[in-house]
Structures are given as structure tokens and as C-alpha cells.
Amino acid sequence: MARKETGDIAAGRLDPAQLARNFSDVSPPLDRQRALIEASRCHFCFDAPCIQACPTAIDIPGFIRAISTDNLRGAALKILDANIFGGQCARVCPTEILCEGDCVRNSPEEKPVEIGALQRYATDWVIRDRVALFTRAAATGKRVAVVGAGPAGLSCAHALAMRGHEVEVFEARAKSGGLNEYGIAAYKVVDFSQHEVEWLLSIGGIRVHHGKALGRDLALSQLRRDFDAVFLAMGLAGVNAMGIGDERLPGVRDAVDFIEELRQAEDKARVPVGRRVVVIGGGNTAIDAAVQSKRLGAERVTLVYRRSAEAMSATDHEQAFATAEGVHVIHCAQPAELLSSHGVLSGVRFEHTRVDGSGRLQGCCEFFDLEADMLLKAIGQVLLTDGLSEGGIDLLRLEKGRIAVDANAATSLAGVWAGGDCVGGKTDLTVQSVADGKHAAAAIHEALTADREIQHG
Amino acid sequence: MADLRTNFVGVSSPNPFWLASAPPTDKAYNVIRAFEAGWGGVVWKTLGLDPPVVNVSSRYGAVQWNGQRIAGLNNIELISDRPLKINLDEIRQVKREWPDRAMVVSLMVPCDEASWRSILPMVEDTGADAVELNFGCPHGMSERGMGAAVGQVPEYIQMVAAWVKQYSKLPCIVKLTPNITDIRWPARAAKKGGTDAVSLINTINSITTIDLDLMAPTPTVDGKGTHGGYCGPAVRPIALNMVAEIARDPETRGLPISAIGGIGTWRDAAEFIALGAGNVQVCTAAMHYGFRIVEDMISGLSNWMDSKGYRTIEDFRGRAIRNVTDWKFLNLKYDIKALINQDLCIQCGLCHIACEDTAHQAISREKDGQRHFEVDNDECVGCNLCMHVCPVDDCITMQRVDDGSFQNWTTHPNNPMAEKA
């Protein structure tokens with residue numbers, strides 16, 4: 001492949017066989033024998049710490065014991081009853097800081113039980129064979145609108161449908177799944193998310209409308225009039241800007257767009273990537289963008305984060321993975337200037353940073369340049385508030401740019417609940433969103449049935 | 001370096017590890033491989049009178065437990081299915097080539113004097129060192145009045161042992177079946193018949209598993225199954241008890257014992273020898289891993305003996321017998337309490353839930369709102385359960401707390417039959 005001095009962005013840097021290997025399942029499923037051996041490592045702890053560590057409180061020792069007796073249906077039911085996206089979470093959860101992080105087998109001599117891999121073993125067959133594990137309660141006649149078909153929205157929709165309510169889901173994009181579908185590295189979730197969504201919807205009582213965005217195609221006030229309850233779970237559709245010049249410069253991209261394009265591409269050989277890639281950010285999005293750039297064939301990938309390794313929101317495991325994949329990581333440096341040549345990105349100038357006594361980040365006025373054909377920005381997503389105000393009036397209370405909710409996931413606007421990434425104050429993990437949706441569904445159900453008692457009373 | 005040589009009823013072998021009468025000792029090829037690997041002796045797979053028996057296909061069933069592929073093994077194979085002459089010729093040839101190894105021949109013929117009288121000279125003629133009488137096989141042969149069918153009737157054992165001693169100069173070992181209420185009775189009968197030794201245990205009657213699709217026992221032979229002989233690590237505790245019962249029975253005390261039953265390591269062997277066994281016989285472990293396991297059995301036993309200062313097998317043989325007693329003689333004043341080492345505790349909570357649900361509610365789960373497991377000595381009866389369920393070595397230990405006094409049931413006031421002080 002011919003090398004260009006600047007603007008060297010090209011598709012098909014690797015041969016198809018290599019690309020296929022690079023984007024196949026990063027941690028392949030356990031077969032029965034390996035699953036049984038791994039299951040036998042579980043101590044079946046009392047009041048197990050791993051359960052406490054799971055936002056959806058899956059009975060982990062219970063499902064592992066069921067695996068060990070070949071009671072796969074029992075295992076799957078325990079998982080999916082607590083977390084309807086148990087299949088997805090088995091793949092994408094940072095288990096090293098959740099269940100596996102609290103496994104009592106953690107010690108210098110030992111490694112934790114591979115809970116994520118076992119959870120996948122227990123649930124894959126359910127999705128693959130479209131096994132019906134849940135049935136709906138008798139119809140209540142209540143209708144709920146859910147905005148966003150991501151993990152929070154669909155988790156809530158499923159829990160409500162199970163209780164007999166009718167759910168209409170409004171999704172801005174062409175496919176359901178949210179970040180499960182668009183925001184995860186391709187090798188983490190191979191040919192799964194859409195099957196999982198179809199399985200989830202097979203319970204019935206849920207209709208999904210694609211291409212419907214709040215504030216563009218829908219008004220919150222209208223939803224409140226048309227439905228008995230509304231659950232907002234539209235995630236964070238906006239991205240932060242770096243504020244260092246014209247970010248429309250060719251070669252500059254949002255990491256989430258890059259990840260989405262790659263995930264949606266049937267043929268990875270058609271996805272262009274820079275020869276020299278710089279990724280800015282410290283979260284799992286930054287890691288996913290950096291590693292995938294490398295796996296697409298980028299020659300040099302540098303991940304730059306403004307603070308130290310400990311401050312990165314990407315877990316130690318993710319950081320180590322990136323390093324092992326050949327990503328060069330630079331800590332304590334912030335972008336200062338986009339460098340260009342002939343109208344395209346040629347590099348990024350960075351400034352070293354330090355943290356002052358009060359914990360604030362400061363530039364050191366010492367600079368260095370990195371050559372770059374492609375810059376991927378992964379410095380965080382923001383809530384698009386377009387649909388949350390009407391006629392210049394805010395409909396509900398925000399807090400630090402996200403929707404504020406009470407302990408029952410209720411917003412400040414009556415009849416409107418919210419969960420997932422659009423709500424602040426917690427981790428932004430898939431499993432947390434699933435927990436939010438489940439939690440909100442319980443609150444909504446209680447509100448709707450309390451209504452009925454009053455009507456009948 | 002410890003001396004592992006043994007002399008068992010006049011049969012010498014370089015070490016106490018023999019292969020039991022079973023598939024591994026069915027023919028010269030296997031036995032030569034075993035001797036090359038270092039086994040001290042073999043008991044050749046049981047010979048019968050011609051025509052030879054016929055065996056089925058599908059012979060073994062295994063009990064798997066927690067990843068262990070063979071926690072217990074069951075078989076429905078019968079005695080040697082090769083013509084008698086072939087076996088005798090091979091025995092003669094192997095003994096000639098390996099004179100320093102023990103060559104014992106297992107026998108099973110119909111329970112009549114003529115049958116035993118006819119086969120014994122043929123065995124003696126091979127140069128074999130001893131005979132072992134198979135009164136144990138619990139399946140197949142027992143339906144024909146042999147094997148366990150004999151071993152379950154002490155009078156028959158005594159009768160056949162006496163015939164063998166009458167018609168042969170060879171040392172005689174009677175192999176006992178565990179499928180009996182009190183193992184001491186057949187052992188006493190064998191002694192009365194004049195046997196030189198007993199060997200035990202033979203396999204335990206069992207059904208390994210039921211195949212829930214076929215709705216049939218395993219191993220399954222064309223849709224049906226039958227009870228078979230159970231062996232392997234799972235049966236070892238049963239064998240240890242039966243060996244101990246014979247070793248401490250005043251009527252059989254001193255009767256040489258060749259121990260069999262789930263022995264796979266030097267430690268297993270040492271335990272049986274401590275209960276008085278003169279040597280040990282191995283089968284399942286060899287069938288699981290091959291003959292090479294004897295290397296570690298030899299070096300492990302030798303190193304352990306060196307560490308304890310035992311020069312010969314006789315130095316520690318039978319040393320545990322005196323400490324095997326009846327329940328009524330145990331010290332009721334002995335008192336121990338569980339102690340949890342908080343530095344080693346991994347917070348799994350298994351000790352708590354075991355004690356809470358099934359024992360004495362003596363282990364708390366919380367301290368100052370934190371997950372914390374601690375023993376309440378007032379409630380702890382020292383049962384050992386928590387120590388056994390704890391997955392961490394030495395995390396829970398039992399601490400002695402009594403004043404060293406002694407009282408057993410024979411003198412206890414609660415015992416209506418108590419002996420007057």
C-alpha cells in the first residue's frame with residue numbers, strides 16, 4: 001500500500017483473512033466441559049459478594065450451581081429474570097470491577113471464577129433457540145411510552161410487558177439496541193445484539209417505532225397525553241467538543257461514529273482508517289476506538305489521556321488489553337492544537353499536564369506533536385436536551401446536564417420516569433442501564449396499578 | 001533411603017505395591033509393562049476352568065464428581081475370558097523372566113472339592129508364588145454360585161480355604177467381599193480354614209448411574225444394565241474400616257492382610273499399612289493413569305518414611321491399630337472449638353451457612369455492619385463441619401479447650417449401663 005505523507009486514510013489495510021481473525025469473537029464461548037470445570041470452581045458462597053457487586057443482583061452462585069447440574073434452563077432463568085440483557089452483559093460487562101472483582105477466589109495465587117463466560121454459556125442457547133422463558137400477565141389496558149430502544153428502554157419495556165401493560169418504544173435510529181448495537185467494539189459482540197432484541201420482544205406487547213426522535217418527531221407533552229406513563233431512556237446522543245480549533249477538519253472524527261461505522265460494516269475491509277491514528281480520551285470508548293484502529297491495520301495508534309492511568313475510566317483490564325494490542329498510551333497530556341497540511345489533519349499538538357494541590361488539571365506549557373492522519377475524539381457524550389423543553393420552557397429538572405430522578409426513577413414531571421445514561425449520578429455501564437429500566441418498570445407498574453385501585457375503589 | 005522390600009506370607013517383592021487381580025493383569029503383555037514400570041508384584045486376573053467365560057461389551061461405569069472423571073468406577077467384567085492354558089503358559093514365562101517380582105494367581109472355580117483339586121497343581125507348576133481365592137466378585141459369577149456367593153457364607157470360605165491348603169503347598173490368600181454385614185466373620189472363617197492371609201476389599205455391589213434418556217443403568221448393554229463391582233477412590237474409607245476391623249479383632253489379630261480399595265497414592269498405601277496391611281493392591285488408579293503412577297508411590301513412600309525415620313515397612317506397619325477403638329471408649333471430656341483465622345478468611349460464608357442451617361448456629365455473619373465470620377465458643381460443639389467446608393487450607397482450625405480430664409461412656413452418669421466407679 002502506497003504511503004502518503006499526510007492524510008493517509010485508507011480501507012483494506014489488511015487482507016480479508018487477517019481482518020476476519022481480528023474481528024472475530026474476542027473471547028469465544030465455553031463448551032460444556034470447560035463450563036463444568038469453571039463452574040466447579042465456584043465456592044457457592046453464602047450471601048455472595050459477587051451478587052452484591054452486580055447492579056442487577058443476579059444470583060450468580062445459584063446460576064453457576066445450575067450449570068454444574070446441567071440445569072441450563074434454570075440457570076438462564078435466574079440470569080434473565082434479574083437482567084433481561086444477561087447475554088449482552090455476559091459479553092460487555094467489566095466483570096473485573098463488578099462480580100469477578102469481588103469473587104472470593106481473587107488472591108495473588110488465584111483468579112476469580114469466570115462469571116461472565118459462564119453467564120454467556122447459560123444464556124446463549126436461549127437467544128439462539130428463541131426459548132420462551134417468560135409469559136405475560138393478563139392485559140391491564142395501560143399504555144406506556146418508552147423513548148429509546150437501548151438497554152434501559154428495552155429492559156423497562158420487557159418488564160412492563162410482562163406485567164400486562166402495552167408498550168410503545170420510540171427509537172431515533174434504524175435499529176434497536178442502543179449502544180449494544182452501535183457503541184461496542186465489534187469483536188466483543190459478534191452477531192448477537194439483534195437476535196437478543198428479537199428474543200426480548202418475542203414476549204409480545206411491545207411495539208418499536210424506528211426513526212422517531214424526541215424533539216424531532218415526538219413531543220414529550222404529546223406522549224404524556226397519549227400514554228399512561230412515559231419512560232425516557234434516550235441515552236447521550238451528543239458528543240463533547242475539544243474546543244481547540246475547527247474540529248470539522250478532514251481526518252478528525254468522533255470515536256463513537258467510528259465505532260458505529262465499524263460495528264455496522266458487513267465488510268471490515270471497507271472501513272477506512274488512518275495509517276497513524278491518535279485517540280483522545282480515557283474511557284472504554286477510547287480503548288475500543290484505539291484497539292479497533294490497530295486491528296483494522298493502522299500502523300501506529302496513540303491513545304492520549306489528560307490525567308494519569310489511575311484516573312482513566314477504562315478499567316485496568318481494558319488498559320492492559322489496549323497495551324497488549326500494541327496501542328501506545330500517553331498519560332498526562334491534553335490536546336492544544338490541531339495541525340493541518342493542505343487542508344487535512346497532519347498531527348495534533350499536545351501539552352503536558354499536571355494536577356495541582358487542589359486536584360485541578362493544569363497545563364505545563366511544555367508541548368509535543370504527534371503525527372496523525374486520523375484523530376478520534378472520545379472525550380465523552382452529552383445529553384441532547386432538544387426534546388426536554390417546549391416553547392422555551394424546560395419540562396423537567398436537569399442536574400449537571402442530565403435528567404434528575406428520585407429514588408423511584410421518577411423525573412420532576414408527573415407521569416414521566418427516566419433511566420439509563422440520560423440520567424446522571426451513577427456508572428454508565430450497560431448493566432446499570434438494564435437495572436435502571438427494571439427499577440423504573442417496577443415503579444411505573446406500581447403507579448399504574450395504584451391508579452386502577454382508585455378507579456375501582 | 002528407606003527399604004521398601006516386603007515379605008508377605010513368604011512371597012517377597014521389591015516394594016509393597018502390587019497390581020490387583022483385574023484387567024491390568026489379564027495377560028503377559030500388561031504384566032511385563034507393569035514390571036517394567038516398577039510394580040512389586042501382580043495378582044494375575046482370575047483364572048477359571050475351561051471353557052472360558054464370555055464377557056460383554058460396555059463394561060465400565062464411572063462416577064464423576066466435581067471435575068474428577070473417576071471418583072468411583074464400576075465394572076461388570078467377569079474373570080479371565082482366555083483359555084486356561086494360555087494364561088498358565090504366560091504366568092510361567094513372566095515369572096521366569098521376572099523372578100524378583102511377586103506372582104500371585106487369582107482363582108475362581110465351582111465350589112466343589114474336585115474343581116479346586118484339579119486347578120491347584122496346574123498353578124503350582126507355573127512357578128507362581130501364591131494363590132488368591134476370589135470370593136469377592138459381586139456380579140455375574142455370583143449368579144453361578146461363585147465369587148461373592150461363596151464369600152458371603154463363612155462356612156464355604158472355611159471349607160474352600162481348607163481344600164486349598166490340603167491340595168497345594170502354595171501360600172493362600174483369601175480375597176474377601178465387602179458385600180456383607182460384618183467383615184470379621186468371613187475373615188475368621190478364612191483363618192479357621194487355614195488361610196495364610198486375607199486380601200480386601202473386593203468391589204462393592206453398585207449401580208453407577210441411571211441414564212435418564214435410556215432409563216437404564218450404566219454401563220448399558222443394549223438397553224439393559226446390571227449391578228457391578230464398585231471401586232476407586234470413593235470406596236477407600238469403607239476398605240480402611242474393614243481392614244481395621246480385622247486387624248483389631250482378637251480372633252484374627254496378626255492375620256496377614258493385603259489391602260485393596262481405592263489406593264492410588266503412597267499416602268493411601270501408608271494409611272493401610274498403618275492399619276496393619278503387609279502390602280497393598282492397586283487397580284483403578286492404574287486403569288485411570290497407567291502403570292507409571294507407581295514411580296511416585298515408590299518415591300513418595302520412601303521419602304515419607306525417611307522423614308519419619310522409618311527404615312522398613314515393618315517399622316510403621318500396624319502403628320494405628322491401637323488407636324482404632326469403640327465409640328464407648330472415646331473421651332467425652334475432650335473439647336475443641338473452631339477458630340477462624342481472619343487473615344486467611346476469604347469471606348465465602350460457607351462456614352456460617354453450614355453451621356446456621358445444619359449445625360449449631362455458632363458462627364456469626366456480621367460484625368459492626370461488616371461481613372465477618374466468627375465463632376461463638378458457647379455454641380460451638382467442636383463438630384469440625386466448618387473446618388471441612390472451608391475452602392482455604394488451615395483457615396479454620398480446631399483448638400483444644402478442655403482441662404485434660406477423662407471420662408468415657410462406660411462410666412458416664414447418663415449411661416444406664418455405666419460401670420460403677
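This is a predicted model: local features need pLDDT of at least 70, side-chain atom pairs count only at pLDDT 80 or more; totals for chains, interfaces and linings use all residues.
Figure 1. Phe170(A) belongs to strand β3 (residues 166-171) of chain A, whereas Phe227(A) sits in the loop between α11 (220-226) and β5 (229-232) of that chain. The two residues are 57 residues apart, so the pair links distant parts of the chain.

**Figure 2. The interface of chain B and chain A.** On one side twelve residues of chain B take part in the contact, and on the other ten residues of chain A. Between them the two chains bury about 900 Å², with 60% of this area on carbon and sulfur atoms. The residues of chain B that lose the most area to chain A are Ile346(B), Leu350(B) and Arg371(B). Together Ile346(B), Leu350(B) and Arg371(B) account for 40% of what the side of chain B buries.

**Figure 3. Salt bridges and polar contacts between chain B and chain A.** Two salt bridges are found across this interface. In one of them, Asp47(A) is joined to Arg371(B), with 3.7 Å between the closest N and O atoms. Residue pairs in polar contact between chain B and chain A number four. With three residues, helix α11 (residues 350-358) of chain B gives the most to the side of chain B that touches chain A. Sorted by class, that side of chain B holds five nonpolar, four polar and three charged residues.

**Figure 4. Domains of chain A.** The domain assignment divides chain A into domain 1 (32-129), domain 2 (143-237 + 383-449) and domain 3 (241-380). Domain 2 is given as two segments, 143-237 and 383-449. Taken over C-alpha atoms, the centres of domain 1 and domain 3 of chain A are separated by 34 Å.

**Figure 5. Two cis peptide bonds in chain B.** Leu200(B) and Ile201(B) are joined by a cis peptide bond with omega of about 5 degrees. Ile201(B) is in the loop between β10 (197-200) and β11 (204-206) of chain B. Another cis peptide bond joins Thr218(B) to Pro219(B), with omega of about -5 degrees. The loop between β13 (216-218) and β14 (228-231) of chain B contains Pro219(B).

**Figure 6. A positive phi value at Ala409(A).** Ala409(A), a residue other than glycine, has a phi near 65 degrees. This residue, Ala409(A), is located in the loop between β20 (402-403) and β21 (416-418) of chain A.

How values were computed. Residues are numbered from 1 along each chain as its sequence is written. Chains are lettered from A and ligands numbered from 1 in the order in which they are written. Side-chain values use heavy atoms; hydrogens and water are left out. Contact means heavy atoms within 4.5 Å. Buried area is the accessible area (1.4 Å probe) that two parts lose on being put together, summed over both. A salt bridge is a side-chain nitrogen of Lys or Arg within 4 Å of a carboxyl oxygen of Asp or Glu. A polar contact is a pair of N or O atoms within 3.5 Å; within protein, one must be able to donate a hydrogen and the other to accept it, and residues adjacent in sequence count only if both atoms are side-chain atoms. Helices (H or I, at least four residues) and strands (E, at least two) are DSSP runs, numbered from the N terminus. Ala, Val, Leu, Ile, Met, Phe, Trp, Tyr, Cys and Pro count as nonpolar, Asp, Glu, Lys and Arg as charged, and the others, Gly among them, as polar. Domain bounds come from an automatic or database domain assignment.
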